[in-house]
Amino acid sequence: MTVLELDRSQRVAKVLNMVRHFTVNERIVLAKLLLDTVVAGEAEESADWQSLGLKAFEAEWDNPGDAIYDDWRTLYGVPAG
């Protein structure tokens, strides 16, 4: 699929008409800046999910009911080393 095949809104069409007057370097800079806004958003969203997952894991892992397994060697009779 090429960009020309996409349905463009009037706002996008207006911006594209303006961009046609930019130099190649200006277009490249603009493209990078636009891409960064998408990639940065996805990275932040991923970090947010990872943080939530880590908090849930820590709450499940480190709780009083699970403390008996902290000394699992003694619990199961496994010698150290």
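**The chain end and beyond**

Mentor: Ala 80 is found in the segment that follows H3. Please keep in mind that this is a predicted model.

Trainee: Is Ala 80 buried or exposed?

Mentor: Ala 80 has a relative accessible area of 69% and is therefore exposed, since the cut-off for that class is over 50%.

Trainee: And how far apart in space are Ala 80 and Trp 49?

Mentor: From C-alpha to C-alpha, the distance between Ala 80 and Trp 49 is 37 Å, with a sequence separation of 31 residues.

Trainee: Turning to confidence, what is the mean pLDDT of the protein chain?

Mentor: The mean is 82, and 93% of the residues reach 70 or more. Confidence is highest in helix H1, residues 10-19, at 90, and lowest in H2, at a mean of 82.

Trainee: How should one treat places where pLDDT is low?

Mentor: The predicted coordinates should not be read in detail there.

Trainee: Now the charges. How many salt bridges are counted?

Mentor: The count comes to one salt bridge. It joins the side chains of Lys 32 and Asp 36, with an N to O distance of 2.5 Å.

Trainee: Where do Lys 32 and Asp 36 lie?

Mentor: Both belong to helix H2, and they are four residues apart, which is about one turn of the helix. Asp 36 has a relative accessible area of 33%, so it is classed as partly exposed.

Trainee: Which residues gather in a patch of negative charge?

Mentor: The surface patch of negative charge brings together Glu 42, Glu 44, Glu 45 and Asp 48. Of these, Glu 42 lies in helix H2, which covers residues 24-61.

Trainee: Why does Glu 42 count as exposed?

Mentor: Its relative accessibility is 54%, and exposed means over 50%, so Glu 42 falls in that class.

Trainee: Where does Tyr 69 lie?

Mentor: Tyr 69 is in the loop between H2 and helix H3, the latter spanning 72-76. With a relative accessible area of 43%, Tyr 69 is partly exposed.

Methods: Residues numbered from 1 in each chain as written. Predicted model: local features only at pLDDT ≥ 70, side-chain atom pairs only at ≥ 80, totals over all residues. Heavy atoms only, no water. Patch = residues over 30% accessible without salt bridge, like charges linked within 9 Å, V, L, I, M, F, W, Y side chains within 5 Å. Areas by Shrake-Rupley, 256 points an atom, 1.4 Å probe, with all protein chains shown as cover. Salt bridge = Lys/Arg side-chain N within 4 Å of Asp/Glu carboxyl O. Lys, Arg positive; Asp, Glu negative; His and termini not counted. Charge placed at Lys NZ, Arg CZ, Asp CG, Glu CD. Helix = DSSP H or I, 4+ residues; strand = E, 2+ residues; numbered from the N terminus. Buried < 20%, exposed > 50% of the residue type's maximum accessible area, 1.4 Å probe, protein only. pLDDT = per-residue confidence, 0-100.
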